[in-house]
Every structure is written in C-alpha cells, then in structure tokens.
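I opened the model today to look up a few spots. My notes are below.

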There are 2 protein chains.
Amino acid sequence: MNGAQSLIRTLVDAGVDVCFSNPGTSEMHFVAALDSVPEMRGVLALAEGVVTGAADGYARIADKPAATLLHLGPGLGNGLANLHNARRANTPVVNVVGDHATYHKRYDAPLESDIEAVAGSLNGWVRRSESTADVGADAAAAVAASQDAPGRVATLVLPADVSWGDGGTPCAPVPPRTAKAVSETTVKSVAEVLRAGEPVALLLGGDACRESGLRAASRIAEATGAKPFIETFPGRLERGAGLPPIERLGYLAEQVAYQLEGTRHVIVAGTRSPVSFFAYPGKASDLVPEGAQVHTLADTDDDVVGALEDLAELVASGTEPVLAQPRRPELPRGELTPQNWVEVIGALLPERAIISDEANTSGVLLPAATAGAPRHDVLTLTGGAIGQGMPVATGAAIAAPDRPVVNLESDGSALYTIPALWTQARENLNVTTVILNNRAYAILRMELQRVGAEGSGPKAKSLLDLSPPELDFVKLAEGMGVPATRATTAEELAEQFSRALAEPGPHLIDAAIPPLL
Amino acid sequence: MNGAQSLIRTLVDAGVDVCFSNPGTSEMHFVAALDSVPEMRGVLALAEGVVTGAADGYARIADKPAATLLHLGPGLGNGLANLHNARRANTPVVNVVGDHATYHKRYDAPLESDIEAVAGSLNGWVRRSESTADVGADAAAAVAASQDAPGRVATLVLPADVSWGDGGTPCAPVPPRTAKAVSETTVKSVAEVLRAGEPVALLLGGDACRESGLRAASRIAEATGAKPFIETFPGRLERGAGLPPIERLGYLAEQVAYQLEGTRHVIVAGTRSPVSFFAYPGKASDLVPEGAQVHTLADTDDDVVGALEDLAELVASGTEPVLAQPRRPELPRGELTPQNWVEVIGALLPERAIISDEANTSGVLLPAATAGAPRHDVLTLTGGAIGQGMPVATGAAIAAPDRPVVNLESDGSALYTIPALWTQARENLNVTTVILNNRAYAILRMELQRVGAEGSGPKAKSLLDLSPPELDFVKLAEGMGVPATRATTAEELAEQFSRALAEPGPHLIDAAIPPLL
C-alpha cells in the first residue's frame with residue numbers, strides 16, 4: 001500500500017468520504033489511489049475556490065469534514081479566501097495539499113512555494129507528512145484536528161514521494177477534542193445577570209443557532225425578558241416555521257446600535273461580543289453599547305447548547321419556547337424590486353431547503369419574508385470573503401442530496417467562483433441559483449458613502465459598476481451546462497423558481513433586481 | 001491630502017500609472033482618491049487572479065510595474081497564484097493590499113487576516129504603512145523594491161485609517177537596485193570554457209531572451225559551436241523573423257535529456273541550471289547531464305545582456321548572429337488537429353503580436369510553426385500556476401494598445417480566471433483568445449502515466465476529464481461581453497482568427513482540438 005492509499009483509507013475510516021479536488025501532477029498518486037478505496041468520492045472542481053468553499057458547505061450540513069485536494073502553494077492560495085470563510089464558520093475542513101517530492105524541493109522548481117506560510121495564515125492545524133509510514137497517522141490527526149471543538153481548518157502537506165512510496169499504514173480514527181462543559185458557577189452567575197431586571201441581550205453563535213440552542217434561548221428570553229439575537233453571520237442557522245424566530249444582528253454598525261439600544265448586559269453564547277465589520281472614521285469598532293457589561297456564558301469551544309439548556313433550567317423552568325407559525329407572503333406581481341423578490345422566495349421556499357445566502361445588499365429584506373416559511377437552514381457569508389455562495393451551495397447539495405438547495409447570489413460575488421456551476425451540472429446537484437443582478441458592487445457604492453470618502457467622482461464610480469459590459473448569467477450558466485432563464489418580473493421569477501425546484505439537477509435564474517440604494 | 005492621495009500621486013510620479021483593482025470597503029478611500037490623480041488609470045477586474053495576472057502581463061510588456069488594489073488577506077490569497085507566476089517571471093508588481101484600520105485590528109473582525117504571512121510566501125518585499133505621513137515614502141520604496149534587479153513582487157499593506165488620514169506627503173521616486181555588472185574575470189573564464197572545444201550548452205533566461213541578448217548569444221554560438229537554449233518558461237521571449245531563432249528547453253525531463261545529450265559544459269546566463277518541473281519516481285531532478293559542469297556567466301540579478309555582449313566580443317568578434325528568415329506555414333485544411341491549428345496561427349500571426357501562451361499540451365508544435373512569423377513576443381507560464389494566460393493577455397493589451405494580443409489558452413486553464421474576458425470587453429482590448437478545447441486536463445492524463453501511478457481506474461480518469469458537461473466557451477465569452485465563435489476545421493479557425501484580428505476589441509474562438517495524446 002502506498003502513502004496515498006493509506007491516506008485515503010484512513011480518511012474514509014474516520015468518516016471523511018468526499019474529496020473536493022483540483023489536482024496537479026504532484027497529486028497524481030492520490031488521484032490514482034481513489035480507485036483503490038471505493039468508499040471515497042472524488043468531486044472535481046475547475047477552480048480551487050470552488051473546492052474549498054464546497055468543503056465548507058458540505059461540512060456545515062453533514063456535520064463532518066470533507067477533504068480537499070489542492071496543488072502546492074498556488075492551489076492553496078486560490079482556495080484561501082473560502083478557507084478563510086470556513087475558519088470564521090468554525091467549519092472542519094481537511095486540506096490535502098500536494099507538494100514536490102522531499103528530495104526535489106531543494107531544486108526550487110517553478111512550483112516550489114511556501115505552503116506552510118499560506119496555510120499558517122488560517123490559524124488552524126498544519127502538518128507536513130515526512131514519511132510514507134507516517135501518512136496514516138498524520139491523516140487521522142488531521143481529521144481529529146479539524147473536528148476539535150468548535151471545528152477548524154486542518155492542512156496536511158503531502159510530498160509526492162511520501163504519497164507514492166510503499167509502506168503506507170492506515171490509522172484508526174483519533175477522537176477530536178470535544179466541546180468543554182460550562183461550569184455551574186458560570187451558568188449561575190449568568191442567571192444572576194438575567195434575574196437582575198436590567199435590559200439584557202443574549203447573543204447566540206455556533207451550535208446555539210440550531211434547534212436545541214434556539215429553543216433554550218427562546219425559553220430564557222420568554223422567562224426573563226432578555227432579548228435574543230443571532231450573531232451577524234452564523235455558519236448555519238436553523239429557522240422557519242416551528243422554530244424560535246430569533247433576529248440576526250445587522251451588518252451595519254448603525255443597525256446594531258439600534259438593536260442593542262438600552263442594553264445593559266450582553267450575554268454571549270458560542271460567539272464573541274459584537275464588533276463592527278469594518279472601521280469607519282469617527283465611529284466605534286466595539287458595538288457593545290457604552291456602559292453595558294459583557295458576560296460570557298460559553299466560548300466558541302464550549303458546549304454552548306448544554307450551557308443554554310442548563311441556564312434555561314435555572315431561569316425558565318416550565319417556560320416553553322416561542323415558535324414561528326407557518327406564514328408565507330402572498331406571491332407579488334410586477335417588475336422585480338429589492339422588496340418583492342424576497343416575497344417570491346418566502347412564498348415558494350420548499351420544505352427542508354438549504355439557503356446559501358450571498359445576497360448581500362439585495363437580501364436585507366429576506367429574513368422577514370422567510371421567517372414563517374417551512375423549516376430551513378441558512379448558510380451565511382461568515383468571513384466576508386465574497387465568492388462563497390456558489391461553492392457552499394455545491395458542497396451542501398453533495399452533503400444532502402435529498403434536500404433542495406437555494407443559492408441566493410449577488411452578481412458581483414458570483415464571478416469569483418462561477419465554475420461552481422460546472423460542478424453542479426457534473427454532479428447533477430439540486431441547486432437553484434438566483435442571481436440578484438443589479439449590475440453593480442452595490443455594497444461598495446453604499447460603503448463609499450459610509451466611509452466618508454471625499455472627492456470621489458466618475459473614476460471611483462466606475463470601479464464599482466459591473467456594466468458595461470452587462471454580465472449575461474444565462475449564457476454563463478449554459479456555458480457550464482446549467483439550464484438558465486431570465487426573470488424581470490415577480491411572476492416570471494415565481495414561475496421559473498417553481499419550475500427549477502420541481503426539476504432535478506441545477507438551474508440558474510438571472511433576476512434583474514435594481515439596487516436597493 | 002490624505003494617505004491614499006499621497007500614495008497614488010507617488011505611484012504616478014514613479015511611473016506607475018495603471019492600477020488593476022478589485023476593491024472592498026477598506027479600499028474605498030483609495031478608490032475615491034483615483035479621481036484626484038487623473039494620471040492614474042484604474043482598471044476593474046472581477047476576480048483577484050485577473051488583477052494580479054494582468055499586472056504581471058502589463059509589466060512584462062511595459063517594462064515597468066503596474067499597481068494592484070486588493071482587499072485584505074482573502075483578496076491577496078485569490079491573487080496569489082498569479083503573483084507566484086509573476087515572482088517566477090521576475091516581474092515587478094506593486095501590490096496595495098488594504099487592511100482594517102490600525103485600531104480596528106484588535107477586534108478580530110471577520111475579515112481580519114494575516115496579510116504579511118500570505119505576502120511573505122512570495123519571497124518579495126513586504127511593508128505595512130504605519131502612519132499617513134509615511135505612505136508616500138513607503139510607496140516610493142515599494143516601487144523601487146519591485147524594480148530591484150531582476151524585478152519582484154512588492155506588497156504594501158495599507159490600513160484603512162492610514163489611507164483616510166490627513167497629512168499624506170507624496171515622495172519623489174527612489175532609484176531601484178540596478179543589475180550588477182559581471183566581472184571581466186567571470187567573462188574570461190567562461191570564454192575559456194567555450195574555447196576548450198568540448199560540447200557546450202548556453203542557457204539563456206531573463207533579459208537574455210530579448211533582442212540584444214539573443215543576438216549576442218547567437219554570435220557566441222556561431223563562433224564557438226556552443227548550442228544555445230532558452231530557459232523552459234521565459235517571462236518574455238522575443239522571436240520571429242529577423243531575430244535569432246533559439247530553441248527553448250523542453251517541459252519534459254526526457255526532452256531536456258535529448259536536447260542536452262553529450263553536453264560537457266552548461267553555461268547559464270540570466271537563469272539557473274535546468275531542473276525537472278516535477279519529480280518522477282526513479283528519475284533525476286537535476287537535468288544537467290551527468291559529468292557536465294555548470295558555469296554561471298550571469299545570475300538572475302546580473303546584467304546578463306552586458307555579460308553576453310562582453311563574452312561575444314571575446315569569442316565572436318566579427319561574427320554575425322544567425323537570424324530567422326520570414327517563413328510561414330501554408331494554411332492547412334480539414335478537421336482541427338494538434339498539428340494543424342498551430343499552422344493557422346503561424347500563417348496568420350500579425351506584425352508585432354504579443355502571444356500569451358497557456359496552450360500547454362496543445363501547444364507543443366507551436367514554436368516551429370511560428371519561428372518565421374513576423375517578429376513577436378511570447379509570454380509564458382513561468383511559475384506553473386495555471387490560470388495565467390487570460391489575465392496576462394489582458395495586462396499586456398493595456399500596456400501595448402497598438403499591438404495585437406493573441407491568447408492561446410487551454411480549456412482547463414481558462415476556467416481559473418475566466419472573468420478576465422469581462423475586463424477585456426470593458427476596456428475594449430485587442431485580445432484574440434483561442435481556446436484549445438480538448439475537454440480534458442490533457443497534461444494530467446499524460447502525467448498520470450509519467451509518474452507511474454498504479455491502479456488508477458475510472459475514478460482517476462474522471463478527475464482529469466472536463467466533460468460532461470461540455471464547456472461552451474462561446475456562451476461563456478458572450479456572457480462576459482466578448483464576441484465569440486466556434487471552429488472545428490482549420491478553414492474556420494483561419495477565417496475566424498483573421499476576422500478577430502481585423503476587428504477592434506476582444507474576440508474568442510472556441511477551437512475543438514483533440515488531445516495530443
């Protein structure tokens with residue numbers, strides 16, 4: 001058994017049985033070894049940002065990591081932005097980055113690159129397999145490291161000769177570090193804060209954004225009057241009819257200031273206290289209201305659901321959570337607007353949908369329109385590195401082939417990783433992409449004003465415009481094998497969205513939405 | 001004057017007057033400042049791999065750097081692969097990477113990232129501007145650093161508050177470190193090698209691949225019997241009728257072994273001694289024939305042209321260089337093949353063309369077919385990080401608006417940076433792209449065999465296939481505003497190529513070329 005075979009066998013034995021791949025020559029033995037471990041599924045993507053984003057989306061839904069296969073430093077670099085997003089989502093990802101043979105590195109061949117420096121920028125786990133005999137153990141360690149609570153990016157560098165060498169030995173799975181239990185003392189002291197009668201905000205992140213955590217938080221809120229919030233960009237948020245409808249903190253500092261106005265205590269559970277996404281001249285970075293105290297119920301590596309349930313037992317015994325009732329908007333009519341397109345989605349969102357949300361400015365009204373839709377998951381842009389939505393949708397569809405995936409995607413964001421469509425077609429994935437095509441980096445138009453940039457004129461404006469030329473997403477999708485249509489009215493969007501959901505395989509709708517601002 | 005304005009003014013004063021840009025919020029003051037320095041041209045690209053590759057292509061033709069504008073670590077990461085190629089080409093590039101405001105970094109906001117770690121992987125020059133007053137001097141230092149012989153990637157990290165702060169002061173240009181003169185002793189000792197009567201190979205790289213260096217090398221070869229070669233992947237090679245026709249070293253170790261067979265001395269001038277691109281089991285990494293000696297006439301940071309001319313004076317006084325005569329293939333007929341498409345290019349290549357060559361396996365017969373074509377430049381894939389061809393063509397066309405740019409592009413490689421087409425349409429660039437569409441990562445099919453990977457089967461094969469679904473490059477191009485056609489015969493390719501060259505603006509031809517192997 002060679003190193004590559006022992007690696008793949010170890011991954012599969014640890015439950016990692018999907019590998020999103022964009023290989024090169026140094027990975028050829030890994031590619032060949034796929035045929036000797038039938039349980040491993042290799043999924044080809046034509047750009048590394050798709051590979052890494054798909055691994056992120058897969059794990060957010062599958063609750064276990066996928067592997068990636070990347071080609072030296074440049075391949076890892078191309079995938080870095082979506083690994084940054086995965087890192088911010090605390091998603092477990094196992095990167096396998098091929099490298100030159102150990103003895104070849106000193107020749108500084110053209111692709112020689114500092115893989116560890118690039119991987120190290122992710123603050124995750126990085127190891128280089130030094131010998132074929134070690135590969136199995138290194139792989140098992142990588143899987144465990146990726147799953148150490150709350151989850152992280154683990155990168156295993158695999159030199160070509162270590163991969164092709166004989167003497168590979170598969171390794172049994174290694175248990176990851178589980179989430180730490182929160183002490184009774186901490187829970188009690190937070191309970192005291194809640195009982196003190198002052199205005200409290202309860203900020204939820206990580207696993208607290210899923211059913212058990214949301215139910216406990218809702219009970220706490222009902223019993224104590226605390227106002228619960230979801231962190232601005234949760235990795236995975238369960239919501240819809242039958243689940244507690246908890247508002248997300250806004251993207252803009254001004255929104256958060258409004259949401260937290262009057263708060264005296266911020267209890268954080270599975271996340272950190274709120275900060276501004278960017279700095280703005282003369283505005284605060286820390287969004288905790290002045291004079292308010294921050295109390296940590298659970299850090300991101302703590303058992304946040306257990307802590308919330310313990311807290312609920314203390315302060316909300318006998319209180320039931322408040323659940324969203326089934327309620328959908330009426331199907332709207334007329335030209336598409338930032339207001340009515342979300343109503344189409346809310347009216348037609350299917351049961352058990354997964355939404356990969358990179359709608360950005362076009363999506364600000366989406367949460368209200370889908371609050372009473374059938375229960376669904378929302379995967380958000382956790383790290384701010386745009387180009388996440390299409391790959392994450394791709395990976396989520398691989399993880400849950402029986403669930404409809406809806407990718408709400410801004411035009412500007414789509415272009416970073418548009419080859420994701422090809423993988424969706426290749427794998428016949430049930431992804432319905434709606435491109436919110438406003439022909440601009442609309443968020444940057446807004447930000448240009450918000451940062452107080454003076455003296456901007458036509459050159460600045462031009463750098464934020466996505467036309468001319470106009471992007472034709474119907475052609476782009478068809479060029480990658482995905483059937484596509486164009487919608488300019490709410491009726492068209494509704495008809496096309498329904499049809500796309502009813503048919504198997506991927507579809508794309510190029511929806512002409514004017515900018516919000 | 002704010003920091004951004006002083007930065008742009010300093011860049012322009014140092015001759016850097018094009019900025020390939022993909023900005024975000026932290027770069028908004030830079031974007032706004034573009035309107036206050038009219039000499040700076042901002043060119044928008046929709047993905048960072050296009051930004052950095054275009055800067056590489058621009059500088060290879062303009063002989064001076066362009067700036068890039070990138071958004072924190074993820075933006076730099078997306079651009080890293082083409083910066084790797086620029087590094088291997090010794091191309092001067094000035095990256096401006098926006099970062100959070102200095103006081104905002106400690107909040108670890110979602111886009112907080114280790115920019116220095118990522119930039120540092122390029123072994124270039126990295127500096128963070130710490131205050132607005134420093135920005136001008138930092139920018140001047142960055143431009144100089146990028147142009148230090150032989151050229152490198154310089155990265156200036158610009159925190160948002162340093163950019164928007166008042167008190168910016170433009171700085172006068174700083175002279176870069178020029179190429180070192182090669183000592184008379186070295187030239188004389190190399191002359192002795194040439195006179196000894198043993199078989200010599202003279203390997204040329206860097207500036208030696210341009211007219212003056214080629215002429216000197218040709219004279220030396222004529223007078224001494226040394227066999228001259230161009231390095232495998234030169235950043236810019238001048239060739240065609242009227243220039244010395246010097247063969248490039250092959251990509252495959254087997255080719256190089258054949259080319260260097262019997263050589264006793266390898267003289268390297270502006271490059272390094274040849275190494276295998278990848279390692280292969282049981283094969284040598286060092287491609288210098290056994291027993292042959294390596295002599296360095298000029299390192300990459302030496303004045304290689306001066307050294308070659310001095311050497312020619314010693315060993316080839318009175319000898320004229322051998323120049324390629326004008327000679328074109330006949331226009332072929334019939335279904336496209338790996339053999340005949342290059343004849344179409346050779347027959348029709350216009351005067352003063354710039355070829356951005358990412359043809360990979362499809363292009364192995366190209367050099368012979370274009371050797372007697374009108375004088376042209378070839379820009380090759382220097383670092384092996386595919387996805388270079390389209391961006392480099394884009395930047396080259398910005399640098400030389402009066403010259404036709406021909407991008408010979410593999411289907412697989414095209415997908416990494418396909419939004420380059422949008423920038424070509426946006427800027428109405430004279431780029432004619434020929435997609436060599438063989439529906440496979442054909443080079444990897446070959447490499448799978450060459451690395452001796454055993455046990456590969458249908459899963460491995462599938463990871464190297466680009467269909468199904470078939471990529472429709474006509475639709476992809478039209479979707480980005482570039483007129484496109486499909487060619488399946490040599491006659492169609494000839495007709496479409498001629499028409500594309502005759503019309504202004506970008507065009508794409510999707511050429512159905514069967515795999516070579």
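These entries cover a helix pair, a strand pair and one leucine.

**Ground rules.** I am working from a predicted model, where local features need pLDDT of at least 70, side-chain atom pairs count only at pLDDT 80 or more, and totals for chains, interfaces and linings use all residues. Residues are numbered from 1 along each chain as its sequence is written, chains are lettered from A and ligands numbered from 1 in the order in which they are written, and side-chain values use heavy atoms, with hydrogens and water left out.

On the helix 1 side I listed B:Gly3, B:Ser6, B:Leu7, B:Thr10 and B:Leu11 as contact residues (contact means heavy atoms within 4.5 Å). Helix 7 of chain B brings B:Val135, B:Gly136, B:Ala139, B:Ala140 and B:Val143.

**Strand pair.** Strand 7 (residues 200–204) and strand 8 (residues 227–230) of chain B pair in the parallel sense over four bridges (pairing needs at least two DSSP bridges). I found B:Ala201 opposite B:Lys227.

**One leucine.** I placed B:Leu463 in the loop between helix 19 (458–462) and helix 20 (473–479) of chain B. B:Leu463 is buried, at 2% relative accessible area (buried is under 20%, exposed over 50%, partly exposed in between; 1.4 Å probe, protein chains only). Among the residues B:Leu463 touches, leaving out those up to four places away in sequence, are A:Val31, A:Leu34 and B:Tyr441.

Key:
Helix = DSSP H or I, 4+ residues; strand = E, 2+ residues; numbered from the N terminus.
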